[in-house]
Amino acid sequence: MKIKLLMLFLLLSLGCSAQQKVDLYELKFTEDMAALIKDVPDVHKGELFDRADMLSYGVSKNSFFYFKDYLPQHVELLSYKGQLVGYAFRMRTFEDQQKVENYFKAKYKMIPAEEKSRLVNSTKYADDQILVEFDAIAKTSFDNGMFGYVNVRRPDFAAEYERLMKQ
């Protein structure tokens, strides 16, 4: 009986101490940043434009933030005035890129970006809630060490970021 109680206690302890996984795809950009990263290990915080209200959080050795069924090795989370306003990550393989790109294409009407490059196929989507920038590359470019990249932000933050970049 004591062994069964001990086993039950251990199982409950493991379940309670397990980290909550976050699906980036489901974020609303209203989340409290401190609560979102509270139990996340290996977070590197940095100010953007030397402003204490605009922060970037790099999550190295990521095992916490997923995008549907894809687990990026490194995720950048953006915070403005204490609230999550964006995230970005790169895709390590062509197959990963295709999976992530298919999710965005299914949810948003991605259009070609104005900037043209023969190595990168950039698409974007924007409305009053979200701005998505997706940089896809050819399979041969992955073989040469390049990565696909996605950047998702709240439009008000993106506008403020661009304004500060121009200064």
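Mentor: A salt bridge is a side-chain nitrogen of Lys or Arg within 4 Å of a carboxyl oxygen of Asp or Glu. By this rule the count comes to 7 salt bridges. The model is a predicted one, in which local features need pLDDT of at least 70 and side-chain atom pairs count only at pLDDT 80 or more, while totals for chains, interfaces and linings use all residues. Residues are numbered from 1 along each chain as its sequence is written, and side-chain values use heavy atoms, with hydrogens and water left out.

Trainee: What is the general idea behind such pairs, and which residues are linked in a network of salt bridges?

Mentor: Side chains of opposite charge can pair when their charged atoms come close. Here the network links Arg 51, Asp 53, Glu 160 and Arg 163. Within it, the side chains of Arg 51 and Asp 53 meet at 2.8 Å, N to O, and those of Glu 160 and Arg 51 at 2.9 Å, N to O. Glu 160 lies in helix H5 (residues 155-166) and Arg 51 in strand E3, so this pair ties together parts that are 109 residues apart in sequence. Helices (H or I, at least four residues) and strands (E, at least two) are DSSP runs, numbered from the N terminus.

Trainee: Is Glu 160 buried or exposed?

Mentor: Buried means under 20% relative accessible area, exposed over 50%, and partly exposed in between (1.4 Å probe, protein chains only). Glu 160 has a relative accessible area of 16%, so Glu 160 is buried. Asp 53, with 23%, is partly exposed. A further salt bridge joins the side chains of Arg 154 and Asp 156 (2.8 Å, N to O). There, Arg 154 counts as buried at 15% relative accessibility, whereas Asp 156 is partly exposed at 43%.

Trainee: How many helices and strands are in the protein chain, and what part of its residues counts as buried?

Mentor: The protein chain has 5 helices and 10 strands. Of its 167 residues, 40% count as buried. Its accessible surface, by the Shrake-Rupley method with a 1.4 Å probe and, for residues, only the protein chains shown as cover, comes to about 10500 Å², of which 55% belongs to carbon and sulfur atoms.

Trainee: How should I read contacts along the chain, and what does Leu 36 contact beyond its neighbours within four places in sequence?

Mentor: Contact means heavy atoms within 4.5 Å. Among contacts in the protein chain with a separation of 6 or more, residues 24 or more positions apart account for 49%. Leu 36 is found in helix H2 and is buried, with a relative accessible area of 12%. Leaving aside neighbours within four places in sequence, Leu 36 is in contact with Val 22, Phe 64, Phe 65 and Leu 84. Leu 36 and Leu 84 are 48 residues apart in sequence and 8.3 Å apart in space, C-alpha to C-alpha.

Trainee: Where is the place of Tyr 103, and which residues is it in contact with?

Mentor: Tyr 103 sits in helix H3 (residues 94-107) and counts as partly exposed at 24% relative accessibility. With neighbours within four places in sequence left aside, its contacts are Tyr 25, Phe 67, Lys 68 and Asp 69. The C-alpha atoms of Tyr 103 and Tyr 25 are separated by 8.8 Å, at 78 residues apart along the chain.

Trainee: How are pockets read, and which elements give two or more residues to the lining of the largest pocket?

Mentor: Rolling a probe the size of a water molecule over the atoms shows where empty space is left. On a 1 Å grid over the protein atoms alone, a pocket is an open set of points where a 1.4 Å probe fits, with protein on both sides within 12 Å along at least five of seven lines; lining residues have an atom within 4 Å of a point. Grid points are joined across faces, edges and corners, and a volume is the space filled by probe spheres set on the points. The largest pocket has a volume of about 330 Å³. Strands E8 (120-126), E9 (131-137) and E10 (148-153) each give two or more residues to its lining. That lining divides into 2 nonpolar, 3 polar and 6 charged residues; Ala, Val, Leu, Ile, Met, Phe, Trp, Tyr, Cys and Pro count as nonpolar, Asp, Glu, Lys and Arg as charged, and the others, Gly among them, as polar.
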